[in-house]
Amino acid sequence: MRKVLVSAFFLLISNLTFSQKNPVAEITRLITRQEVEAHLTFLASDEMRGRNTGSPELEIAANYIAAQFKLMGLKPVPSLNSYFQTVPLENVYPATNGKLTLADESFGYKEHFVILEGGNQTWSGEVVYVGYGSADELKAANVKDKMVIALAGSKDSEGNPMAIFNASNEKFKNVKEAGAAGLVEIFASPQIPWAALVNYFANNTSMRVKGADGVSIPHLWLKGGESIALSKIKEQSLSGSLAIEGIKQVDIPSRNVLGVLEGSDPKLKNEYLVVSAHYDHVGVQKNAKAGTDSIFNGARDNAIGVVGMLATAKYLSQYPPKRSVLFVAWTAEEKGLLGSKYYSENPVIPMKQTVFNFNCDGAGYNDITAATIIGMERTTAESDLFKACQAFGLKATVDPVPEQNLFERSDNYYFAVKGVPAISFSPGVKSFDAELMKYYHKQADEVSSLDFDYLIKYFRAYVYSNVLLSSNPKVPVWKSGDKFEAEAKKLYGK
Ligand SMILES: [Zn+2]
């Protein structure tokens, strides 16, 4: 009798040690198909009505995620006193009227210009032309209190819409910092018809993080070509005026959901891995025909990511990692990464202590032999990621469509901007083909169309990646020469 008991005891002990040394077996045991299917079915059900930001259903999803955090024993971030970080958003309804004059020429809203930023206002004063408005050109001109006129894009963007858009953000930031009255960019791109721009900017409400100081200076795109005589604009001491009316702002309260797991290593617990996924999607189709499916369920985009994060929380709460881990479900990703953007400006764990962000997000999949890791080749986490995917029979592949700017289109991006090595784990993608587009932001993105034989491998590989990243004594960094390396040096001071 006794002997049996003793050996049973040793068996128990050795089982414990054995299992801790075999995370692959333990992940397989703990992360079950039944459980991931249950989470997905709840989050992507029709009753959740597509989890649009600002909808009551998104609040239900937030509460569901917080409840899971609590069940798993994650702690709220002390400075928040709850699992929620309020993200103050607002819906901006487009202007109804606007007029711009430059010297003796006048331009109409929609017909000649669209408004990217700014509120209702009237302005008149001096106008200054700055070429493409590069940082150097802006420095050379005296732009303070003047309306800045610039060509859209940069010297070498050649009408490429993405390049114009990227240059535009940077330019506007510089113009604001220089104390100018506003920015008017002369827009010309053969790839984008003017009517499409008007439709996008003047006929849609847009959502944004509420500015701390209310309304920003105006940022306009003025139709290039026949509507504007450049020779006149280049004249010195030109004057002009601007009037914008009808813009309406409505508050949209929203929440990021956060939970913390403290690390077990006395030193490494001061370093944080951020495991994250956005939980919002795009809601329901307006004016859908009666009897048709109007709900964008967002099973792939991004209930899958949320489940990846929850699965990681489940495993790590039972096998605490050496580093601390912050789990975050982002709001308003579909509105322009607003939840993660807000967090990056208002972090609840100092960015300096945030060593890595492994985000989970995707458009869908068309390669069930792989996990596609956006930005994988850019950090030294690469070898852990290869190992984790391989352990569950998946290839770890890099971004097959760099022209889609996926790195910049997911919530890892604003961490990268701050210098934190940050990448995204996505289901296997070989191209943006018809198979992928069949579900991407479509009503068909439902749980019933998911391949769970594939997904269970995908979830387990993500969990294992985070197991490795959270306990690897070597902290992953940007590879040398990366665009964000300089920012990382500033942040971490090494
Ligand atoms: Zn999406």
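The model is predicted. The protein chain is assigned two domains, domain 1 (25-91 + 252-492) and domain 2 (95-246). Strand β13 (residues 324-330) has seven of its seven residues buried, and helix α10 (residues 338-345) has seven of its eight residues buried.

**Domains and their contact**

- Domain 1 is made of residues 25-91 + 252-492, and domain 2 is made of residues 95-246.
- Taken over C-alpha atoms, the centres of domain 1 and domain 2 are 36 Å apart.
- Twelve residues from domain 1 and six residues from domain 2 take part in the contact.
- On the side of domain 1 that touches domain 2, β1 and α10 are the elements that give two or more residues.
- β1 supplies the largest share of that side of domain 1, with four residues.
- By type, the residues on the side of domain 1 that touches domain 2 are six nonpolar, three polar and three charged.

- β13 spans residues 324-330 and is mostly covered, with seven of its seven residues buried.
- On one side of β13, Ser-324, Leu-326, Val-328 and Trp-330 are buried.
- Strand β11 (residues 248-261) pairs with β13 in the antiparallel sense, over five bridges. Within β13, the residue opposite Leu-261 is Val-325.
- Strand β12 (residues 272-278) pairs with β13 in the parallel sense, over seven bridges. Phe-327 in β13 is the bridge partner of Val-275.
- A right-handed β-α-β unit is formed by β12, helix α9 (residues 299-318) and β13.

**Helix α10**

- Helix α10 is largely enclosed by the rest of the structure, because seven of its eight residues are buried.
- The buried residues of α10 are Leu-338, Gly-339, Ser-340, Lys-341, Tyr-342, Tyr-343 and Ser-344.
- These buried residues pack against the strands β1 (84-93), β8 (206-209), β11, β12 and β13, and against α12 (413-418).
- α10 is also one of the elements that give two or more residues to the side of domain 1 that touches domain 2.

**Nonpolar cores**

- The largest nonpolar core has 88 residues, and Val-306, Phe-327 and Phe-459 touch the most other members.
- Helix α9 gives the most to this core, with eleven residues.
- A second, separate core has 36 residues, including Ala-95, Ala-180, Ile-186 and Leu-220.
- Leaving aside neighbours within four places in sequence, Phe-459 is in contact with Ile-31, Val-36, Val-307, Gly-308 and Ala-311.
- In soluble globular proteins, nonpolar side chains tend to be buried together.

**Ser-254, in strand β11**

- Ser-254 belongs to strand β11.
- Ser-254 counts as buried because it has 27 C-beta neighbours inside 10 Å, where the cut-off is 20 or more.
- Not counting residues up to four places away in sequence, Ser-254 touches Thr-53, Gly-54, Val-87, Leu-89, Thr-331 and Ala-332.
- Pro-400 is 146 residues from Ser-254 in sequence, and their C-alpha atoms are 33 Å apart in space.

**Ala-381, in a loop**

- The loop between β15 (370-374) and α11 (382-391) contains Ala-381.
- Ala-381 has 24 C-beta neighbours inside 10 Å and therefore counts as buried.
- Apart from neighbours within four places in sequence, the contacts of Ala-381 are Phe-356, Leu-469 and Pro-476.
- Ala-381 and Phe-358 are 23 residues apart along the chain, with 9.9 Å between their C-alpha atoms.

**Gly-419, in a loop**

- Gly-419 sits in the loop between α12 and β17 (422-427).
- Gly-419 is buried because 20 other C-beta atoms lie within 10 Å, and the cut-off for buried is 20 or more.
- Phe-484 is 65 residues from Gly-419 in sequence, while the two are 5.7 Å apart in space, C-alpha to C-alpha.
- Leaving aside neighbours within four places in sequence, Gly-419 is in contact with Phe-484, Glu-487, Ala-488, Lys-490 and Leu-491.

Conventions. Residues are numbered from 1 along each chain as its sequence is written. This is a predicted model: local features need pLDDT of at least 70, side-chain atom pairs count only at pLDDT 80 or more; totals for chains, interfaces and linings use all residues. A residue is buried if 20 or more other C-beta atoms lie within 10 Å of its own, exposed if 12 or fewer, and partly exposed in between; C-beta atoms are placed from the backbone. Two strands pair if DSSP finds at least two bridges between them. A crossover is right-handed if, with the strands pointing away from the viewer, the path from the first strand over the helix to the second runs clockwise. Two residues are in contact if their C-beta atoms, placed from the backbone, lie within 7 Å. Domain bounds come from an automatic or database domain assignment. Ala, Val, Leu, Ile, Met, Phe, Trp, Tyr, Cys and Pro count as nonpolar, Asp, Glu, Lys and Arg as charged, and the others, Gly among them, as polar. A nonpolar core is a set of buried Ala, Val, Leu, Ile, Met, Phe, Trp, Tyr and Cys residues joined through C-beta atoms within 7 Å.
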